[in-house]
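Please read it alongside the sequence and coordinates.

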Amino acid sequence: MDHMSPRLRAFLSEPIGEKDVAWVDGISRELAVNLVTKGFSKAYILLGQFLLMHKNEAEFQKWLICCCGATECEAQESSHCLKEWCSCFL
């Protein structure tokens with residue numbers, strides 16, 4: 001866990017619970033607003049989308065960029081975050 005950002009380390013340190021979507025590593029304030037507008041207000045709802053895409057990081061990243069206005073960096077960081085969370089908790 002030494003190579004992880006503090007934000008990713010914090011996200012992986014406990015179950016997802018009722019955390020806002022902004023807690024997901026890689027989600028900026030602007031992207032969080034876009035996601036909330038589209039109904040993805042909680043981290044577990046975004047995780048659900050990731051799982052619906054069969055944990056396919058490339059597909060999830062493309063969706064975040066095309067449908068939610070994420071940058072490539074935001075999409076990569078957030079998909080990595082959700083993948084790591086799944087590895088720890090599922």
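The points below cover the basis of the model, the overall fold, the surface and charges, the aromatic pairs and one arginine.

1. This is a predicted model, in which local features need pLDDT of at least 70 and side-chain atom pairs count only at pLDDT 80 or more, while totals for chains, interfaces and linings use all residues. Residues are numbered from 1 along each chain as its sequence is written, and side-chain values use heavy atoms, with hydrogens and water left out.

2. The protein chain has five helices and zero strands; helices (H or I, at least four residues) and strands (E, at least two) are DSSP runs numbered from the N terminus. The radius of gyration is 12 Å, close to the 12 Å that the globule rule gives for 90 residues, so the chain is as compact as a globular protein of that length. That radius is taken over C-alpha atoms, and the rule is 2.2 Å times the number of residues to the power 0.38. The C-alpha atoms fill a box of roughly 30 × 20 × 20 Å along the principal axes.

3. Of the 90 residues in the protein chain, 39% are buried (buried is under 20% relative accessible area, exposed over 50%, partly exposed in between; 1.4 Å probe, protein chains only). Among contacts (heavy atoms within 4.5 Å) between residues at least 6 apart in sequence, 49% join residues at least 24 apart.

4. The mean positions of the 9 positive and 12 negative charges are 3 Å apart. Lys and Arg count as positive and Asp and Glu as negative, with His and the chain ends not counted; the charges are placed at NZ of Lys, CZ of Arg, CG of Asp or CD of Glu.

5. Rings of Phe, Tyr and Trp (its six-membered ring) pair if their centres lie within 6.5 Å, with planes under 30 degrees apart stacked, over 60 edge-to-face and the rest tilted. By this rule there are four aromatic pairs. Phe-40 and Trp-63 have ring centres 5.1 Å apart and planes at 70 degrees, so the pair is edge-to-face. Phe-40 lies in the loop between helix H2 (29-37) and helix H3 (43-52) and Trp-63 in helix H4 (residues 57-68), so the pair ties together parts 23 residues apart in sequence. Both residues are buried. Ring pairs link Phe-40, Phe-50, Phe-60 and Trp-63 into a cluster.

6. Trp-85 and Phe-89 form a stacked pair, 4.8 Å centre to centre with 20 degrees between the planes. Trp-85 is buried at 6% relative accessibility, whereas Phe-89 is partly exposed at 33%.

7. Arg-9, in helix H1 (residues 6-12), is partly exposed, with a relative accessible area of 30%.
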